[in-house]
Amino acid sequence: MSKLVLGLDLGAASVGWALLRVPGNQRESGEVVAMGSRVFPEGTDRDTKGLEKSKTVQRREARGSRRIKQRRKQRRRRLIATLLKADLLPDGDEALRTVLAGDPYPLRAKGLDQKLTAHELGRVLYHLNKRRGFKSNRKGGKSKEDGTVYESIQALTNQIGGAGCRTLGEYLNKLVAKPGERPEVRVRCYPGSGLYTLRAMYEQEFDKLWAAQQPHHADKLTPELARELKENVLFFQRPLRSAQHLVGYCELEPEEQRCPRGRWEAQQFIMLQELNHLRRIDTSTGEEKELTLEDRAKLYEKLCWNREIKMDAARDLLGWPEHHQCNLEHQGKRRSLKGNAVGDILRKALKEKEVKKLGRAQLIEIGAKLDEEEDFARLKAHALHAWRFSEEQVEALLKAAASLPERHLMVSLKSIEKMLPYLEEGYVISKAKELAGYKRRDEDRGEGLPALPLPFDRRGQPLTNNPVVQKTLFEVRKVINALIQVYGKPDEIVIEMARECRGSIDERNDRNIEMRKREKQRDAWKEQIRSDFAEFKDRPPRRDDTLKYELWLECGKTCPYTGQQISARQLFSGEVQIEHILPYSRSLDDSFMNKALCFHAFNAEKGNRTPFEFFAQTSKPKWQKRWEEIQVWAKNHREIPWAKRRRFLQKEIDTDKFIQRQLNDTRYISVVARDFVAGLCPQDRTPLQYVRCARGDLTAKLRWDWGLESVLDTETKNREDHRHHAVDAVVVALTDSKRVVLLTQNDETRRTRGLDIRSRDKVPDPWPVFRDQVKAKVNAVIVSHKPTRKVSGPLHEETFYGPTKRPGVFAVRKPVEALTKDMIENIRDETIRGLVKSRCTLDAQGQVVEIPKDAFKTPLHMQSGVPVKKVRIGFVSEKIVEIRPKTFVKPGENHHVAIYQNGESILSNTVTRFEAALRLSKGIPVVSPVHSEDSKAKLLFSICINDVLEIPKDNGAKILWRVQQLWEKQIQLRPITYAGPASNKEGRWIPAHKTVVEMGARKVSIDPLGRIAGYPRD
């Protein structure tokens, strides 16, 4: 019996889908029911290097800067009001300015020993409020400068003590200039100054100054005033806003939030998981064994009190011979074993004998306090009084506690406490979960929802904090729910998630950087190949040629099997082949780590065997001797990753496990998407039976076998056509274990014919006329684009413009380095304009022809010696608007173009996002129903970015175009299928808005399934 299968190809900005009726046996014929592509804006922005950044990062940083300035002003006003009330500052603006203009540094030193006047003391307090030092909250995150800051603070502390000074102010007074002299050191902290101070330094100085001056002003310096100034004005700091509501919930205990990594139980949980998965590998034979109880006990004792243990140190601890290694090393990335960070912190703070005397309850309490407490002072007080630690131990504890792990585990503290006893007994995590009473995923039952809900959990929180995946899930919901309405609920769903969606933003950016490095390296190799090898003088190297060259360099130009040198002449002659170390037909491993270079003759003799099987089964003495050499090479040749060397020694291949690995993507982000869609699973089935997350490793091969590369009339997969996502979705829906087995069996021919995918036998089509059905459906696909109609976002450009005496003319400040030759003539100050032009190349009329690159390398100075860093430019514009008195800005992007008609007259209004937001705030329609200058002109339609216009051709055919860009008098259109870069200037340009109507264009609405309808009037 046939079944309805939905294939989904999920990307960062697209959802390709294909609904297929898959036959249950060979007698039935399948059917491609429907296909489509849904395209939408990506959940993050990209910088110039292609790395992800939050869409709101610039606005958030600017808003944070504004808040800091605002709060500083509020604190200053409150201090002045408090000091005026206490008669520590004079009343009256002129008198106040006179006092605050005085030099505070001599007063800060004098006040420790001599009487200050009340107003002088007020001046000192005002200065302490402005320069009040850094106070760590321990939860503010780590920055690249943290190490430099703390080193500078420690150095300054030592300098203060070495100079015999009692306070920071007394020390700084020695650094400032004497009257009429130039200062040797700038005492204010600024970027690059290297001078950083702690809040505690200022608090200590306040206490000493107050104690010294209180006898002289006993009536004014009351204890109540000291408490008010110190706690609520001078040194007040807002507590960080709690981010607890952003913490996700446990996958095992849905009512519990996830456990912080910094707790002792979490560290123990991580450490025991790793310890229980450790295996001992004999690299000479490939034999793998479990750890002995003695070895496990030694490692457990060491890991409990160390953050990590290097692999070499672990082997020395256990007394393993050199050719014995831990199983985690074969991945080529792990160089250490994870321990307990809390135990490591305590070991560094206390003596090792003392820390091992602490009971489990004490360890848990200390770990919880270190993780939860944000204030160093309170943490120090608690450690001194509750834990009875010495002052020296507490200082060491606080220093080490700054390196506690951040973020959260995927499980809660409650579930950890249930599983820890079983982990301590040596059970692996899957067995510990089962013994703790948690169900396996294959034991869960479906919910049987009629349609997908919004991608939020039961508390209204997003299913994932990954903005890319969250955006994709919203669009997946739209597509699937629309499909259910039209075709009913599918019997099975298969999902493939693109790699750009996986991992955290740091992981995705690291992956992006690594890809760019690889691309750059491959380009360099291609140039080297064309330069060194005559056969590539007239044609560029193919991908397989570059791979051969890379493997040739990796193996030191020597065949790893025979030990013979591979000459440059032999490399591309056919004598040498790329070979799978573990046969691809049995391992399904087509990665770089499973590829090596060898001679064709040896490859034919090795056949479909692993290196271990070939050398073990041969009776030729030369091969037996060579096998001994290969074992030594695999153990010691560190230039090649262990992940590759290990394959030479591997004894067995479990093909079934490899097939399951290809068919199931168990990475976290893929599981989030699977679990979300699994809500549709019927209650008589398990979600694992209903929804599967497939890996994308086989998609390209099956797509080629079935001839789907050319269904869009291209020789290769056309990534500049959005419909290719739908083609991929067809392949995803049909990727099952039977076809994977067929693929591996047919791929055996690749071993003797090279790696070209075209050379091997092909997996048969799923059913007759399959390709014809796909071609007919995909060429009828109308790509669905999500329109951009939101009003939120940047409303204006960041630059502020100043008014001038001339209407319509504004002034803006520009750094001299940012000047263009057109700006120079508009410099407001004539003297400065002359200085700037003196650095430029001028023509006979004195006009700027060119600005040399090093024109402003030497700073500009006025005749008085004042440096010129910025200049005021005159700017004429009718678009600039006033957002508050004397503050003008230029509106940002356009939100929409509204087109109106009054008889034969066609009019238009271009509305910026600024104007749209203003209309929204006033409660009036964002799209005005009448023209602003002609009340009789009625609205035809409005156009936003990503809207679709249907434009007829001369022959009567109608073509769909997507709106790419909107300008005041111009519109850029793209074919609706275009998926190339936005920077490409190709496409259709409409010079005037009225031309849209004159061309007979009609705005149309396209639903998530690609169905078209006329768009109603706005």
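**Structural briefing: helices, loops and buried residues**

Leaving aside residues up to four places away in sequence, glycine 122 touches Leu83, Leu88 and Leu89. The model described here is predicted. Its protein chain holds 39 helices and 35 strands, and 45% of the 1018 residues are buried.

**Overall architecture**

- The accessible surface of the protein chain amounts to about 54,000 Å², and carbon and sulfur atoms account for 49% of that surface.
- Of the contacts between residues at least 6 apart in sequence, 65% join residues at least 24 apart.

**Cysteines**

- A search of the whole structure for disulfides returns zero.
- Cysteine 304 is buried because its relative accessibility of 9% falls under the 20% cut-off.
- Cysteine 840 is also classed as buried, at a relative accessible area of 11%.

**Glycine 122 in helix H4**

- Glycine 122 belongs to helix H4, which spans residues 118–130.
- With a relative accessible area of 0%, glycine 122 is buried.
- Leucine 100 lies 22 residues from glycine 122 in sequence, and the C-alpha atoms of the two residues are 8.8 Å apart.

**Packing of helices H1 and H8**

- Helix H1 (residues 57–85) and helix H8 (residues 223–234) have axes that come within 10 Å and cross at roughly 170°.
- The two helices are therefore roughly antiparallel to each other, since angles over 145 degrees fall in that class.
- On the H1 side, the contact is made by Arg75, Arg78, Leu79, Thr82 and Leu83.
- On the H8 side, the contributing residues are Leu225, Glu228, Leu229, Asn232, Val233 and Leu234.
- Leu83 of H1, one of the residues in this contact, is also among the residues touched by glycine 122.

**The two faces of helix H10**

- Helix H10 covers residues 293–303, and its buried residues are Asp295, Arg296, Leu299 and Leu303.
- An α-helix has 3.6 residues a turn, so residues three or four places apart point the same way.
- Leu293 and Glu294 are exposed and sit on the face of H10 turned away from the buried side.
- The cover over the buried residues of H10 includes the helices H9 (264–277), H11 (311–318) and H17 (413–424).
- Strands E7 (279–282), E9 (308–310) and E11 (336–338) are also included in that cover.

**Glutamate 797 and its loop**

- Glutamate 797 is located in the loop between strand E17 (784–785) and strand E18 (802–803).
- Its relative accessibility of 34% makes glutamate 797 partly exposed.
- Not counting residues up to four places away in sequence, glutamate 797 touches Lys890, Pro891 and Gly892.
- Glutamate 797 and glycine 892 are separated by 95 residues in sequence, yet their C-alpha atoms are 5.4 Å apart.

**Positive phi in residues other than glycine**

- Most residues other than glycine have a negative phi.
- Valine 769 has a positive phi of about 55° although it is not a glycine.
- The loop between helix H34 (750–753) and helix H35 (770–778) contains valine 769, which is partly exposed at a relative accessible area of 48%.
- Asparagine 946 also has a positive phi, near 80°.
- Asparagine 946 lies in the loop between strand E29 (938–943) and strand E30 (948–952), where it is buried with a relative accessible area of 13%.

Notes: Residues are numbered from 1 along each chain as its sequence is written. This is a predicted model: local features need pLDDT of at least 70, side-chain atom pairs count only at pLDDT 80 or more; totals for chains, interfaces and linings use all residues. Side-chain values use heavy atoms; hydrogens and water are left out. A disulfide is a pair of cysteine sulfur atoms within 2.5 Å. Buried means under 20% relative accessible area, exposed over 50%, partly exposed in between (1.4 Å probe, protein chains only). Helices (H or I, at least four residues) and strands (E, at least two) are DSSP runs, numbered from the N terminus. Contact means heavy atoms within 4.5 Å. Accessible areas come from the Shrake-Rupley method with a 1.4 Å probe; for residues, only the protein chains shown count as cover. Axes are lines fitted to C-alpha atoms, for helices over the stretch in contact, and angles run from 0 to 180 degrees between N-to-C directions. Angles under 35 degrees count as roughly parallel, over 145 as roughly antiparallel, 65 to 115 as roughly perpendicular and the rest as oblique.
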